[in-house]
Amino acid sequence: MAERGAHLTTAAPAEDRPSIFEVLAQDSLMSAVKPALLHAVKILATSNPARYGILWRRFDEIYAVLDVLLQHHFLSRTSASFSENFYGLKRVGDDGTRAAHLGLRRRQHWRSLFLLALLPYLHTKLEKVLARQRDEDDFSIRLPQSFMQKLYRAFLAAYPFVCMAWDGWVFCQQLLYVFGKTRTHSPLLWLAGVKLSYLTANDIHGLDLKPSGPALSPNQSFGEKFQRLVSTAVGGVAVSLSTSLSIGVFFLQFLEWWYSSENQSTVKSLTSLPTPPPPLHLHSQETSHTHIKVCPLCRKVRNNDTALATSGYVFCYKCIYVYVKANHRCPLTGYPSGLQHLIKIYTPDG
C-alpha cells in the first residue's frame, strides 16, 4: 500500500512535477497573508480611526495595488508568483525550457498577473456588491420590474450555482492532478497557459547572478530614470517582504488561528473600545424629545430603534443594518463595527 500511495507525496522524476501538497501549500500561503494584514489594519483603525480609518475603508484597493507590484516583480525576475518562489517553484510554458531568471513570456506574464492579483480583487468587490444588494432587496417593496432588473435578479439567483460550478472544477482539476492526468492543479494556471515545475540548479544559479538592472546614466531620459527608481524600490520591498515572510510564516499562521471564529470572544475583549461620550445635544435643555428620536442616518424619527454597541448611538434598524453591512464601521465615530454589535432597544410601552 505504501508503494501504491507514494505518488501522492512525491513527484515523478521524469516530469519534475511538484506534489499536490506542495502546490496546495503555496496556494494557502497568500491566503494567510491577507487576513493577517487585515487584522493588523483593523487594530490600527480601532486605536486611531481619524488617522488610520482610511486604511480600513480602502483596504481592498491598497492590498490589490501592493499585490500587483509584488507579483509583477516576482513574475518578471523569477517566473513565479511570490508564494511559488517561496516554495522553490517556477512557471513554465509548454516547452518548459525557458530559464527562470528570464521571466515569463509577455502574454503569459500579463495573464498570470491578472489572474493572481486583479481577479481576486474583482471577486471580492463583486461579493460585497451582491451582499449589499441582497440586504437592500430584503427591505424594499418589489414593484413591476424592467428588463434590466429581471436580468439582475436572474444573475443574483444564478451566482451561487456559478460559484459551486467553479469549486467543482477546481476539485476535479486537483483530483486529476493527483493521479497525473493533467499538468496543472488549478484552472487559473490552465487559463494562464503555464504549469508549475521545480527550480533547477541552473535556475538558482541564474537568479543569483541576475543583475538588478542597468545603472543610471546622465544620458537616460527622466522617464527612464523614474522607471528605474520605481523598479528598484519595488524590488527592495519585494525582497524585504520575502525575507521577513521566511522568518514569520509561523507567526502569520498563528495570527490566522488567533483571529479565527473560535477565538472571537478573546479578540473582542482585547480590542474593546472605551464607551464614547454621549452626544452634545443631550445636555441641551431646549432639545425636544422628538429631536432625540431622530435617526442620524435618515434624519427621520427612528423606527425600530437599534443601538450600535461600539459607539452607543441609536439608529433605525434598517439604516444601521445596511450601513454596517456595507462599510463595517460606525457612521458617526468611524469605529470598526459588525452586525454582531447591533442591539435592539425595547421600551416599556412595547
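How many helices and strands does the protein chain have? In this predicted model, the protein chain holds 12 helices and five strands. Of its 350 residues, 34% are buried. Among contacts with a separation of 6 or more, 57% link residues 24 or more positions apart.

| Residue | Loop between | Relative accessibility |
|---|---|---|
| Ala 100 | strand E1 (89-92) and helix H5 (106-138) | 1% |
| Thr 184 | helix H6 (147-178) and helix H7 (187-192) | 2% |

Ala 100 counts as buried because its relative accessibility, 1%, falls under the 20% cut-off. If you set aside neighbours within four places in sequence, the residues in contact with Ala 100 are Arg 77, Thr 78, Ser 79, Lys 90, Leu 199, Asp 203 and Leu 207. Ala 80 sits 20 residues from Ala 100 along the chain, and 8.0 Å separates their C-alpha atoms.

Is Thr 184 buried or exposed? Thr 184 is buried, because its 2% relative accessibility is also under 20%. Which side chain does a polar contact join to that of Thr 184? The partner is Gln 173, at 3.0 Å.

Technical notes
Residues are numbered from 1 along each chain as its sequence is written. This is a predicted model: local features need pLDDT of at least 70, side-chain atom pairs count only at pLDDT 80 or more; totals for chains, interfaces and linings use all residues. Side-chain values use heavy atoms; hydrogens and water are left out. Helices (H or I, at least four residues) and strands (E, at least two) are DSSP runs, numbered from the N terminus. Buried means under 20% relative accessible area, exposed over 50%, partly exposed in between (1.4 Å probe, protein chains only). Contact means heavy atoms within 4.5 Å. A polar contact is a pair of N or O atoms within 3.5 Å; within protein, one must be able to donate a hydrogen and the other to accept it, and residues adjacent in sequence count only if both atoms are side-chain atoms.
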